[in-house]
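Me: I'd like to go through this structure with you, a bit at a time. Could you start with the terms you'll need?

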Amino acid sequence: MDGATDDHKAGIAKWFLLRSPPGQIQQVAKDVQKILMSDKLYQQAASEAFPIYNMEQMICLELPDGSGQVLVSNCGALDSTHYLDLRTAQVATICTKIRPATDEELPSGFVEEYRSAIDSELLKYVEEAFPRGSCAVFCTAGSTAEEDDAPFELTALISASKISHQNFSSGSWRSTWKIQVNQELQSVDLTGKVHVNAHYFEEGNVQLDTNYEGSDSTVLQNPLDVATAVVNIIRSKESEYLLSLEESYSKLSDNTFKELRRKLPVTRTLFAWNNALQLSLSREVTRELSK
Amino acid sequence: MDAAMDLIRRMPPAEVEMALASLLVLLPDHSADLLSKVDQPLQEAWDDESGRQYLLCDYNRDGDSYRSPWSNKYDPPLEDGAMPSEKLRELEVEANEVFAIYRDQYYEGGTSSVYMWETEENGGFAACFLVKKDGSRKGEGRRGLLDHGLWDAIHIIEVSEEEGEAHYCLTSTVMLSFTTKDDPSMSFGLSGSIVRQMEADFPSTEGHLGNMGRMIEDMESKLRNGLDQVYFGKTKEVVFTMREPLEILTATSATGQSLQQAVVGDIVRRRSVH
């Protein structure tokens, strides 16, 4: 069999890298490097995979001057190495340097009022509910909108992760809430998706993969009131989701798992191996006799 | 190879087949090793002659053919396929019948197969007991709770005997994955794979089947409970430490902390007034 092409191999390496559980991409990268046995192929795969992985995982990076954090996501990506942080109006180049954002990169003053109001409210919620979470709000459409003018869309992102290699566990929480402001209809519509992953791998490999979708709307008011309403919606929807998760977990043992394997037979006693042996013996005899 | 095994332990268990296929492309020289070490969900086949399903694994395979535990024939047919001895085949037949009843009682459906073969040890032999269950709504799920639900169990027992006492060494692998979607707004999926070993000595005067059966039953219960309570429980812990429930009042929860701060602040304020 002819060896696989270089591109095919790099593609496979990229597949593995993108499926790294939260916080484990370094370990996965080490394994992939060893298996590929070619630095060139690894670089090819890694250079494609890392930006995608960082954006999907909503990795949070500390800004070097301590002015805050920047959330890596496709909402704030100017290109694969430059990410916008609107809270401080800066652009971060991954691994390299910081510069102020240009006017073209920033939303209009009108949009910015709503964006920053939602951002501050969101920060309060995230601080309260996520022990180690970060968030950001981006303008993902209509960034030049002015008062009484065009609709615009903001996207609020929340990213939290828990990584504990000593405890063989890791997890990530990623919320994406699209906020559509329609000035004509005076409405604010929200649609959100939350994606949660967890991995526990002490002498085993168990992973949780769960998704939530929710939506709601509120009336368009001044930025502060909209911010309060929007974040209240996010807070309550996400709390609802957490409650559903709690319920799913509590149903596991006696309901969900039963679909695969019961804890005990219907008789509520262990299997009677000896009886079964006798049963099978008599079955064999009956079968033989009926031939 | 170490890197490959480490990689498999981190990949989503539900995608292990794709992961193994990918590794085989990258490490063609290690294919024998990979195929034997990486646990895969079991494939099923239909035995026309006996009218029953059976499971495929390395232990009933010879070349590209597989032996059915019901008809004891290879498919596609083989002139000289590997076979257990007549005596072992008798035990194998009995084991398949009895294990099928066990399977029905615990799994309410599913497919099982038992294969046996002689080992180097004088009089020694080994057996593998396999179970596969599809518990999804379109499979054999009786309660209609699962969109997707698969359980695969592979138990390999090595038996050696000496003067009426037998030593059993069991290695069990369980792989499972399922997703529920009872709420249209939410999907919930868990998947996992664990391997455990157990050794025991039993008198072999009543034969081996009861001994092996009881060990397997014990092991399956341990694995099922372990997965359920420990492993799945840990993933729940991870989620709830990332995002705390806001309505709950505990000393460490966000609501509890802010309440404590409010109360303390109040006390301090009142004290400073006096």
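Reply: Two strands count as paired if DSSP finds at least two bridges between them, and strands themselves are DSSP runs (E, at least two residues) numbered from the N terminus. This is a predicted model, in which local features need pLDDT of at least 70, side-chain atom pairs count only at pLDDT 80 or more, and totals for chains, interfaces and linings use all residues. Residues are numbered from 1 along each chain as its sequence is written, chains are lettered from A and ligands numbered from 1 in the order in which they are written, and side-chain values use heavy atoms, with hydrogens and water left out.

Me: OK, which residue is the bridge partner of Tyr66(B) in strand 5 of chain B?

Reply: The partner of Tyr66(B) there is Asp75(B). Strand 4 of chain B, residues 65-67, is joined to strand 5 of chain B by 2 bridges, and the two run antiparallel.

Me: And what sheet do the 3 strands of chain B form?

Reply: They form an open sheet in the order 3-4-5, with antiparallel pairing. Strand 3 (61-62) and strand 5 (74-75) of chain B each have a single partner strand, so one side of each is left without a neighbour in the sheet.

Me: Switching to chain A: is Ile158(A) buried or exposed?

Reply: Ile158(A), which lies in strand 8 of chain A, is buried (under 20% relative accessible area, 1.4 Å probe, protein chains only), because its relative accessibility is 0%.

Me: Where is Asp148(A), then?

Reply: Asp148(A) sits in the loop between strand 7 (133-141) and strand 8 (152-164) of chain A, and its relative accessible area of 68% makes it exposed, a term that means over 50%.

Terms used
Helices (H or I, at least four residues) and strands (E, at least two) are DSSP runs, numbered from the N terminus.
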